[in-house]
Amino acid sequence: MLEIHRDVCGYCGCCVSVCPEGALELIDAYLEVDDQCTCCGICAKVCPVGALEVRDEEKI
Amino acid sequence: MKKKYDLLVIGGGPAGAIAARTAARAGHSVLLVEKRPAIGAPVRCAEGIGKEALAEFVEPDERWISAELKRAELVGPDGVSMLLEAEMAGSKVGYILDRKIFDRELVWQAAGAGADVMVKTRASAPLMANGAVKGAVLDVCGEKMQVHAEVTIAADGVESKFSRWCGVDTTVPVREIMSSCQYLMTDIDIDEECTTFFLGNETAPEGYLWIFPKGKRTANVGIGISGKKSGAGHRAKDYLDRFVRRRFPDGKTIECIVGGVSVCRPLGCTVADGLIIAGDAARVVDPLTGGGIYNAMFTGDLAARVASKAMDEGRVNAAALMPYDEAWRTSPMGLAIERNYHIKEYLIKLSDEKLNTIIHSAKSLDMKDFSTLTLVKELMKRNPKLVAELAVLRALIG
Ligand SMILES: Cc1cc2nc3c(=O)[nH]c(=O)nc-3n(C[C@H](O)[C@H](O)[C@H](O)COP(=O)(O)OP(=O)(O)OC[C@H]3O[C@@H](n4cnc5c(N)ncnc54)[C@H](O)[C@@H]3O)c2cc1C
Ligand code: SF4
Ligand code: SF4
C-alpha cells in the first residue's frame, strides 16, 4: 500500500509525472492515489521531501 | 460561463496563459481553467529567464522582475569558480522574475484579450467522441460541468494528466526527472547581480544547485537531482539542507517549495484529434538547464496559432494540428532541446575529477577570446587526457 504523508507533501506533482500507472493525481494540494497503484515505489523514490512510503511491500 | 467554446485551455501557467491570449486576440472564444485557487502560487520555479526570450512574449515590467543579472558563476566539484561576465555570457543574461506576479499578469492579459478564466476548476476527464477530444469535464468547487470545445490545449504542466487520459503516455523516466527543492532565503550574503551554479556528485548528483538573486540579500537557493539518485536520506531536500547549513547558517527561509522538472526528450507526438499538448506537459523543458518558462510560452503561442488556423479551416484532427508539432521541433527552441539533451547526457557521465580539470582549464583562458567551439578546441589542446570526452562535446556543440 502506498502511504501519503500529507503533512510532509509539498504538492508539487513530481511523483505524478513518473508514475507508470497514472495512479496519482493532485487535486490542488491534496495528493490522491487510486487502485491502479502497483506499489512499485518509483514515486516514493523521487519525492524531493520523502512524503511517500510503500508499506508492507519490498521497496525499490 | 458558456458550455461551448472554440478553445479550451487546461492550466494557467505560462503555456496556458499565452495560448489563451493568442487565441483570444485572434478572435476566438476561449476558456482557460486552472485547478489551483490562485494563479502562480505556490511558485514551482527558480524564476530565471533570458532577456531576449522574455521580450518575445511580454514587455518587461519592474512589477514582476526581482533582479537583473550581469554575470553567472560556475562552481566545480572541488570549489573552483569560473565567472562569466555579461559580454561573454551573451543571451544567457537575463532576469529573475517574481512568478507569482508574472503568471498572474499573463493570465490577466489573456482575460484582457477576451478569454474567460476559471480558477479552482479542474479538468477531470476529456470529453471524447470517435476518438477525438471534444472538451472536458470540469470539477468546479465540488460540482461537475461539461465544456465542449473544438480544440483543447493541454498545458497542465509537469503532472500532464490530461494527455494521459486522452491516451498519450506522458510518463517521465525516473532518471530524467529532476527532483527539486528550493528555499527563498533572506538575510544572506550574495552577489545580487549574479546567478551561481554548483556542480558535482557530492553537491547535486546528476543535477545542479543554484543561487538565483531575488533582490537585496535575498535569493532562490535550490537544487535539482536526478530521480535515480534520490532516496531515503539523500533526497533533494537533504542535499539542500546540507548546503544551506554550511553556506548560509544564519539565513532565513521565508518560503520552501518542491518540484519536478523533466529533462527527458519531448513527447514523440504532441497532437491528437482535437488536442494539442504544450509547455511542460509536452516535456519541452531544456534538458541541460531545466529552463522551461520560455519554451512553455513559445509552444503555448504556437499551439494557439495552429489551432486558430485549423478552426478557421474547419478541420481539427491530428493531421490538421500536426503543423504545431513540426514547427516547434524545427524551431531554434526544438533544435536547442535536441542538442542540449545530448550535452546533458554527456555531462552527467563525467566524473567529478574530469569536471574539475575542465573548469580549472577553462578558468585559465581569457573567455572573451573564445566562442564555445574554439573554447572546447583549446581545452582539448590543454587536456590531452580528456580528448575523448571533449571530442564528444565538440561534436555536439559544433
Ligand atoms: C524547482 C524548479 C525550478 C525551475 N527553475 C526554472 C528557471 O529558473 N527558469 C525556467 O525557465 N524554468 C524553470 N523551471 C521550469 C518552469 O517552472 C516550467 O517549465 C514552467 O512553469 C512551465 O510552464 P507550463 O505553463 O508548461 O506549466 P506550469 O507552470 O506548471 O502550469 C501548469 C498549470 O496547470 C495546472 N493544472 C494541472 N492539471 C490541471 C487540471 N487537470 N485542470 C486544471 N489545471 C491544471 C497546474 O495547477 C498549473 O498551474 C523550474 C521548475 C522547477 C520545479
Ligand atoms: S513528489 Fe512528494 S511532495 Fe511532490 S506531490 Fe508527490 S508526494 Fe507531494
Ligand atoms: S507506487 Fe508506483 S504505481 Fe503506485 S503510485 Fe507510486 S509510482 Fe504509481
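Hi everyone, let me start with chain A: of its 60 residues, 47% count as buried, where buried means under 20% relative accessible area, exposed over 50%, and partly exposed in between, with a 1.4 Å probe and protein chains only. Before going on, please keep in mind that this is a predicted model, in which local features need pLDDT of at least 70 and side-chain atom pairs count only at pLDDT 80 or more, while totals for chains, interfaces and linings use all residues. Residues are numbered from 1 along each chain as its sequence is written, chains are lettered from A and ligands numbered from 1 in the order in which they are written, and side-chain values use heavy atoms, with hydrogens and water left out.

Back to chain A. Its sequence runs through the pattern β-α-β-β-α-β, which gives two helices and four strands; these are DSSP runs numbered from the N terminus, helices being H or I with at least four residues and strands E with at least two. Along the principal axes, the C-alpha atoms fill a box of roughly 30 × 20 × 15 Å. The radius of gyration is 10 Å, which agrees with the value near 10 Å for a compact globule of 60 residues; that rule is 2.2 Å times the number of residues to the power 0.38, and the radius is taken over C-alpha atoms.

Two ligands have shells in chain A. Around ligand 2 there are 13 residues, and A:Cys9, A:Gly10, A:Cys12, A:Cys15 and A:Cys47 come nearest. A residue is near a molecule if one of its heavy atoms lies within 4 Å of it. By class, this shell has eleven nonpolar, two polar and no charged residues. Here Ala, Val, Leu, Ile, Met, Phe, Trp, Tyr, Cys and Pro count as nonpolar, Asp, Glu, Lys and Arg as charged, and the others, Gly among them, as polar. The shell of ligand 3 includes A:Cys19, A:Cys37, A:Cys40 and A:Glu21, and it divides into eight nonpolar, two polar and one charged.

Now to chain B and ligand 1. How many residues surround ligand 1? There are 34, and the closest are B:Glu34, B:Ala46, B:Gly48, B:Arg99 and B:Asp280. By class they are twelve nonpolar, 13 polar and nine charged. A polar side-chain atom of B:Asp280 lies 2.6 Å from an oxygen atom of the ligand, and a polar backbone atom of B:Gly48 is 2.8 Å from one of its nitrogen atoms. The protein covers 92% of the 1000 Å² of accessible area that ligand 1 has on its own, by the Shrake-Rupley method with a 1.4 Å probe.

Finally, some backbone details in chain B. B:Glu47 sits in the loop between S2 and S3, has a positive phi of about 75° although it is not a glycine, and is buried at 3% relative accessible area.

Notes
Polar contact = N/O pair within 3.5 Å; in protein donor to acceptor, adjacent residues only side chain to side chain.
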